[in-house]
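Here are some notes for anyone opening this structure for the first time. Have the sequence and the 3D view side by side as you go through the points.

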Amino acid sequence: MTTVRESAVSTTGGDLSVWPASATEARQGDLAVGGVPLAEIADRFGTPAYVLDESEVRERCRTYRHAFPDADVLYAAKAFLCRGMAHWVEEEGLGLDVCSAGELELAVTTGFPPERIVLHGNAKSPHDLESALRLGVGRIVIDSPSEIARLAAAVGPGGHQKVMVRVVPAISAGGHEKIRTGTDDQKFGLSMADGYAQHAIARILDQPQLELTGLHCHLGSQISSVKPYLVAVRRMVGLMARLREQHGLVLPELDLGGGHGIAYRPGEQALDLTALARRVRSELTEACAAAGLTVPRLMIEPGRAVVGPAGVALYHVLAVKRSGDHVFVAVDGGMSDNPRPALYGVRYAPRLIGRHSAAERAAVTVVGRHCEAGDVLATDVELPADVRPGDLLAVPVAGAYHLSMASGYNMVGRPPVIAVRGGHARLLVRRESLDDIRSRDVGL
C-alpha cells in the first residue's frame, strides 16, 4: 500500500482490527457485520445510521465478568443506552451505572433490577433523587456536601438508602484534558487533599437513614495504562484506613469507576483488561494487608469498552470538494450525531463500502453537513481517490458517546440504531423524524 502522507490513516488491506469480531469482507468493498452486509442495512434503513453488533456487546460483557469474577461490573449507561442495550446487559449479569432520572426510568421500565443500579451525577436534580428513591436504586453516589442533607430529607426519618462518596484521588489520567476527572481542578467528587471528602463522610455518618457502603473514584476516560488505577487503589485504601482510625468504620465496597481505553484506529493502544484485573486485585490485596483492612468488594464501571467497538456508523457521501491541497468528503451526518471530534479532537478510520475501487489512495478530510467549520468527522484519512457522491462510508468504533451525545443541531434528526446478530438486522431505536421535531414546538 502506498502511503499518501505519513499522518494519513490507512483503511485498506483488510485491516479489521478495530471492527466488531463478526466483521467479514467476502468481496472487496462488501463488508458485513453480524452476518448482515452494511450496504444492505443502509439501503433498508437509510443513513446516517448506527449498527450495533449484539454478539459483540454480549461477549464484551462476558469478558468483564470473567476478568473480574469477584467484582460487581456496572455498565456505564451514559456511553449508550436503549431498551435493547439494557436488556442485553442485564441478561449478561452486569449492573448499571446511570446519571439521570431519564436513564434510570428507561432501565427500570425495561425490567432492569433497580437494586443493581447505581446513580451518579455531580449535580443531581430533585427529580433524579426522587426517582432513585421511588424506584429503589442500589446505591446513590454522593458528589457534593449539599446532597447529604437533601438526600437524608428525601429518604425521611424512617427510610434507608445505601450511599457511596465520590472521592478525588488527585490522579491525572485520560485521553484528553476534558475527560480527565481524577484531579482537584474539575467539577466531580470531593477532594481528599483539602479534607472535603473526610468532612462529607463524617456528615453522612450523622444521618442514620443513610448507610455508607464504600468509596468511589473515577479517573477519566480513554485510559490505556494500568498504572493510574494502581495508584488510585493505594490512595483509596489509605483513606479507608484513616476512616477506620477516626470513626471505627470498615467500608465493604470500593468502586474504581471506568474509563478503560479502546482503540479507534488500527495500531492504537487499548487498555489490557486481563492485566488490569490481575494487577488491581493484587494491589488491593497487598494494600489492605499492609493497612490491616478486610479487602472490600470491588466495583468497576466500563461503558465505552463494552459498547464502543460494537458500533458502526454509516453515512452516504453528499459532496466531494477540492480546496487547495485539501480534499473534503462531505457526508449526510456529522456533529449532530457525533460531536466527539469537535469536543476532543478524536480521530476515526472511515472505510468505503458497497463497491470495490481500484483507484489509488488519497488523503482526504471527512466532514459533516452542519454549519460549523469544526464539523469534521475524520481528518487526513486515506480513501480511494475516486470517492464520489452516493458512495457509502462506514466508521468503526461508533458505539459509545455518539448517539448518546447527539443533538438537534440544524434539525436534521437523530439517526436510528439497528442491531445485527446471526444474519438478521432489527431496529432498536427509530430515526427521529421531522414530525418528532415539530411536535415539540408548541409556540404558536
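1. Let's start in the loop between β19 and β20, which is where tyrosine 401 sits. This is a predicted model, and in it the phi of tyrosine 401 is near 60 degrees, a positive value in a residue other than glycine. Is tyrosine 401 buried or exposed? Its relative accessibility is 13%, so tyrosine 401 counts as buried.

2. Stay in that loop, which runs between β19 (392-396) and β20 (417-421), and you'll find valine 397 as well. Valine 397 isn't a glycine either, yet its phi is positive, at about 55 degrees. With a relative accessible area of 1%, valine 397 is buried.

3. Another backbone spot to look at is the peptide bond between threonine 47 and proline 48, which is cis, with omega at about -5 degrees. Proline 48 belongs to the loop between α1 (38-45) and β4 (49-53).

4. Now for a sheet. Three strands make it up, in the order β1-β2-β3; it is open, and the pairing is antiparallel. As a reminder, strands of a sheet pair through backbone hydrogen bonds, in either a parallel or an antiparallel way. Between β2 (residues 30-33) and β3 there are two bridges. One to pick out on screen: alanine 32 has proline 37 in β3 as its bridge partner.

5. Which of its residues are buried? They are Ala101, Glu103, Leu104, Ala107 and Val108. Looking down the axis of α4, you'd see these buried residues within an arc of 160 degrees, so they line one face of the helix. The general idea is that an α-helix has 3.6 residues a turn, so residues three or four places apart point the same way. Among the elements covering the buried residues of α4 are β6 (95-98), β7 (117-119) and α5 (126-135).

6. At its start, serine 100 has a side-chain oxygen within 3.3 Å of the backbone nitrogen of glycine 102. Just after the helix comes glycine 111, with a positive phi of about 110 degrees.

7. Last, the nonpolar interior. In soluble globular proteins, nonpolar side chains tend to be buried together. Here the largest nonpolar core counts 135 residues, and Leu38, Phe68, Tyr75, Met85 and Leu215 have the most contacts inside it. The biggest giver to this core is α8, with eleven residues. Apart from it there is another core, of five residues, including Val118, Val141, Met164 and Met299.

8. What does it touch, leaving aside its neighbours within four places in sequence? Its contacts are Phe80, Met85, Val89, Leu94, Gly95, Leu96, Asp97, Pro302, Gly303, Val306 and Val307.

Notes:
Residues numbered from 1 in each chain as written. Predicted model: local features only at pLDDT ≥ 70, side-chain atom pairs only at ≥ 80, totals over all residues. Heavy atoms only, no water. Pairing = 2+ DSSP bridges. Helix = DSSP H or I, 4+ residues; strand = E, 2+ residues; numbered from the N terminus. Buried < 20%, exposed > 50% of the residue type's maximum accessible area, 1.4 Å probe, protein only. Arc of directions from axis to C-beta. Contact = heavy atoms within 4.5 Å. Polar contact = N/O pair within 3.5 Å; in protein donor to acceptor, adjacent residues only side chain to side chain. Core = buried A, V, L, I, M, F, W, Y, C linked by side-chain atoms within 4.5 Å.
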